Amino acid sequence: MKHRTIRGTIQYTSKKPERFGQERGREFFTLTNQSDGVQVMHAHCEIDDEPNVVRDVVQSMRQDCSPIDCSVRLSVGDKYEGSGWLRFTGTYAECETHNQRDGRISQRIELEQPVKWLQSHPIVGDGILMKLYDLSQGPGKTFFPDIMLTSPDHRGATGPLLFKMNGLGIRYVGEESIVVQAGKFIARHFQVVDTAGNLPEEHPPYNLWVTADDDYLLLKAGVDGYMQTHYELTEFEIIGGENEQ
């Protein structure tokens with residue numbers, strides 16, 4: 001087998017006092033690394049909080065995690081919200097989508113620089129985003145421009161469409177030993193910062209931990225502020241390659 005696939009599940013829970021520890025959603029994902037260097041992320045995401053969200057994403061990325069193409073299908077409140085296809089080159093980004101608010105949308109955005117990351121909202125993708133940070137500089141913070149989203153909504157519950165943000169900051173805290181439902185790991189601790197002014201509503205502080213290897217598999221994450229949500233890897237398996245289990 002030339003390709004290698006990681007398949008797993010992430011549980012969404014609440015940290016709000018009145019529902020602390022209650023499950024509020026789940027995500028089933030696969031990450032396939034092809035022999036040509038392309039990674040394909042499949043993610044089925046379910047958020048139970050009303051209005052509930054069901055999102056299916058297929059996104060392909062280069063080794064530097066810059067996007068190649070992406071498809072999204074979205075339901076909100078158990079009703080169709082939108083679907084579409086997005087594609088990225090070094091000089092422009094384009095999309096063909098349809099959603100309940102805007103109807104049919106065709107976008108083409110000219111680029112001065114290639115898009116570094118497409119945020120299509122799966123939680124497993126947040127771990128891959130941390131690849132942008134240069135670990136050789138040690139703990140610290142770097143700001144990354146040229147970021148796009150499929151929805152500016154914090155739950156990814158609108159669109160899909162191309163939304164360009166000014167960028168975001170990634171702070172690397174360091175390595176830690178952590179235990180999650182999927183096991184005990186040496187993890188890299190990151191924070192997403194400097195999102196103010198980029199979105200209709202500022203995103204609360206966001207901490208996340210990923211495996212300390214080239215997979216950057218998300219182990220756990222937490223959003224503070226009004227969201228107070230927690231995400232945790234509950235199980236995974238690796239198919240193909242030297243780490244098949």
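Before the views, a word on how to read them. This is a predicted model, where local features need pLDDT of at least 70, side-chain atom pairs count only at pLDDT 80 or more, and totals for chains, interfaces and linings use all residues. Residues are numbered from 1 along each chain as its sequence is written, and side-chain values use heavy atoms, with hydrogens and water left out.

View 1. (Strands are DSSP runs of E, at least two residues long, and helices are runs of H or I, at least four; both are numbered from the N terminus.) H189 is buried because its relative accessible area is 8%, and buried means under 20%, exposed over 50%, partly exposed in between, using a 1.4 Å probe and protein chains only. Its side chain makes a polar contact of 2.8 Å with the side chain of E176, and another, also listed at 2.8 Å, with the side chain of N207. (A polar contact is a pair of N or O atoms within 3.5 Å; within protein, one must be able to donate a hydrogen and the other to accept it, and residues adjacent in sequence count only if both atoms are side-chain atoms.) Leaving aside neighbours within four places in sequence, H189 is in contact with residues including R171, Y172, L208 and W209, where contact means heavy atoms within 4.5 Å.

**View 2. G183, also in strand β14.** G183 lies in strand β14 too. At 25% relative accessibility, G183 counts as partly exposed.

**View 3. Two cis peptide bonds.** The bond from E50 to P51 is cis, with omega near -10 degrees, and P51 is found in the loop between β3 (39-47) and β4 (53-61). G159 and P160 are joined by a cis bond as well, with omega about 5 degrees. P160 lies in the loop between β11 (147-149) and β12 (163-165).

**View 4. Two aspartates with positive phi.** Most residues other than glycine have a negative phi, and most peptide bonds are trans. D78 is not a glycine, yet has a positive phi of about 60 degrees; look for it in the loop between β5 (67-76) and β6 (79-88). D78 is exposed, with a relative accessible area of 63%. D146 has a positive phi of about 60 degrees and lies in the loop between β10 (140-144) and β11.
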